[in-house]
Amino acid sequence: MSSNDVLGRTEGGDLRLVGLTKRYGSFTAVDDLDLTVPQGSFFALLGASGCGKTTTLRMVSGLEEPTIGQIFLGDEDVTDRKPYRRPVNTVFQNYALFPHLDIYENVAFGLRRRGRKDVRKPVEEMLDLVELGHLAKRKPNQLSGGQQQRIALARALINQPQVLLLDEPLGALDLKLRRQMQIELKRIQLEVGLTFVHVTHDQEEAMTMADTIAVMNAGRIEQMGSPAELYENPRTTFVANFLGQSNLIPGTVEGVTGETATISAHGQRLTLDAARCPVTSGPVILGVRPEKVQIALSAEEVPAGSNQLAGGVVLDTSFIGVSTQYLVKLPSGEEISVFEQNTGREIQRPGAEVVVFWDPSQGFGLEGGQDIEAGADIEEVAA
Amino acid sequence: MTAVAPTSAAEKPVEPPPAQRKLRRNLTPWVLLLPGLLWLVVFFLVPILTSVSASVQQGDYDDGFKLTWHWANYADAITKYGTQYLHSGIYSVLCTVLCLALGYPVAYFIAFKGGRWKSLLMALVIVPSFTSFLIRTIAWKTILADNSPLVRTLSDLHVLKITTALGWTVGDHVLASPAAVVCGMVYNFLPFTILPLYTSLEKIDPRLHEAGHDLYCNTFTTWRRITLPLSMPGVIGGTLLTFIPAVGDYINAQLLGNPNTGVVGQKIEDLFLRNTQGYPVGSAISVVMMVGTLILVMSYIRKAGTEDLI
């Protein structure tokens, strides 16, 4: 089904933020942000709390005024337009449904304010879209969190905004409902074909739904790309740690031959695809995701051509069912985590001596000199 | 290891038998209600019955009053004091409307823009009540005196000519006029309007305003469509708390009015204190006022329950 069937929407254009900055006194919440969100995409702004993602969203909706910078919708500069004059609607974090109006009137609210008389058909269609037509006469406080969430979505969507803003829309829901709503949101976005800008601190949520993710940190965009791109090729330690987990090993680039970069780390020689190594000499950080690392009991078991780090001791073993997570301490003092798929292999107890290894093509390189812990502890708090 | 079987006596506290426990549980609410009920009986029910009974008696101070079911007292009470009823009605309705018009913006400002000063600002609203009601009313004599800055300014602006033409002021004076009575009433009852308004406005989530702005409401429509309906409990509470005492108030009319601003309260006082045979008719007027106010208030609340008022 194309967008025009449901909403009869007119063409809008991309959302462009140009040099957008927001300062509160001496604190810079959003720092010189340049961003283009293509029309019809599901775009996620991902970051820990306080990184400026919500402020960015509020500037787009007009509820916050930028200190410097411009906001364009298509070719039109909307920076100085009042929120009620922008073709942008928001799904608020706490839903902010109007408690004195029933569900039907909540959904009809935007249309009525714009002077539309025949609201029955669009409201009913919208309630059907979120599958809550039977609750039209209820008041918001008689609905569950998930239902309120969907009504908040319907109330915003019915106005056919050029851009729909979602501010942590699933934050208040429990895990199971959140999963369900993630799928639902994605379905609705595909069905109506509007531009969705979604703010979240939950990396899994962002990866499940968004076409493009912008990882924000301290008011700036750290990296932007498709979920797979960000996951496989993070450019900073912050992204590597914030989006999933990473084993990061500082080393030095010894040389690049053909398509392979050779790195020495803790006296061991490791290799990396030259294309994924940002530097040709000097300090570098080699990263590899835990699920790509395997363990072997001895060096003989390691397939030829693998990167390997010998002399490890298992510090901790957690059996999760689908996988087993190991924490392996290397002689250098570094700890490597390993997620091993449950294929029936024997589980290693803490204290076992092991060799960790991985396919060199699965590693990624980051510029040396960064804080290896950046973004790691934040993710734990936020998740 | 040896297992020690705990004795049942040590495990459970001693409890009364079930029947006794049930009785005690049923009695508790009554015991808790008792002081309030006693208060109501002594200071509400008995006086009401006394004045209803007095309203159908006949007699005078010297010979005493006898219950003769003299319903003619009510004919007197209703027909003879039309002007006073009219004045009480006009002044109290005007006072309620003005209190709402003045109090709503104040309550709105404190609730939404007060920030950390909220409590202090609300305290300032109430602080004047620490002074006696009488003294505050007498103070208005100074404010509205002929040579006061306020009255001179109004006079210079020729406002008084208009108000005098409308019958609200007398000549070049504000004092001893209907306007002065209403001014005093508004001043005295304003906190009763502001308090309930503030309480209900303060409960409104400011994010609902943002949602309103997001859904094409400017500041006024946000107030009209979201804030006002949500603050209706405060509007109703505030207007009732103002109207009910205002309709029976006679201090303001006494101190700030003139002989032509008589209200019902003054007549009742007159009949009780300065007329040896006035008791029954005074009581009848009281009952008429009570029933009248009750009917007005009930129909107001019923309307308020629906959306007719918004």
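## Helix H2 of chain B

Helix H2 of chain B, residues 18-54, comprises 37 residues and reaches 51 Å from its first C-alpha to its last, close to the 54 Å expected at 1.5 Å a residue. That expected span is 1.5 Å times one less than the number of residues; helices are DSSP runs of H or I with at least four residues, strands are runs of E with at least two, and both are numbered from the N terminus. At Leu34(B), shortly before the proline Pro35(B), H2(B) has a kink of about 45°, the bend being the angle between axes fitted to the seven residues ending there and the seven starting there.

H2(B) is hardly covered, with one buried residue among its 37. A residue is buried if 20 or more other C-beta atoms, placed from the backbone, lie within 10 Å of its own C-beta.

## Basis of the model

The model is predicted: local features need pLDDT of at least 70, side-chain atom pairs count only at pLDDT 80 or more, and totals for chains, interfaces and linings use all residues. Residues are numbered from 1 along each chain as its sequence is written, while chains are lettered from A and ligands numbered from 1 in the order in which they are written.

## Chain B overall

Chain B contains 14 helices and two strands. Its C-alpha trace spans about 105 × 70 × 40 Å along the principal axes, and buried residues account for 30% of its 310 residues.

## Leu154(B)

Leu154(B) lies in helix H7 (residues 149-156) of chain B and is buried, with 20 other C-beta atoms within 10 Å. Its C-alpha atom is separated by 46 Å from that of Phe43(B), 111 residues apart along the chain.

Notes. A residue is buried if 20 or more other C-beta atoms lie within 10 Å of its own, exposed if 12 or fewer, and partly exposed in between; C-beta atoms are placed from the backbone.
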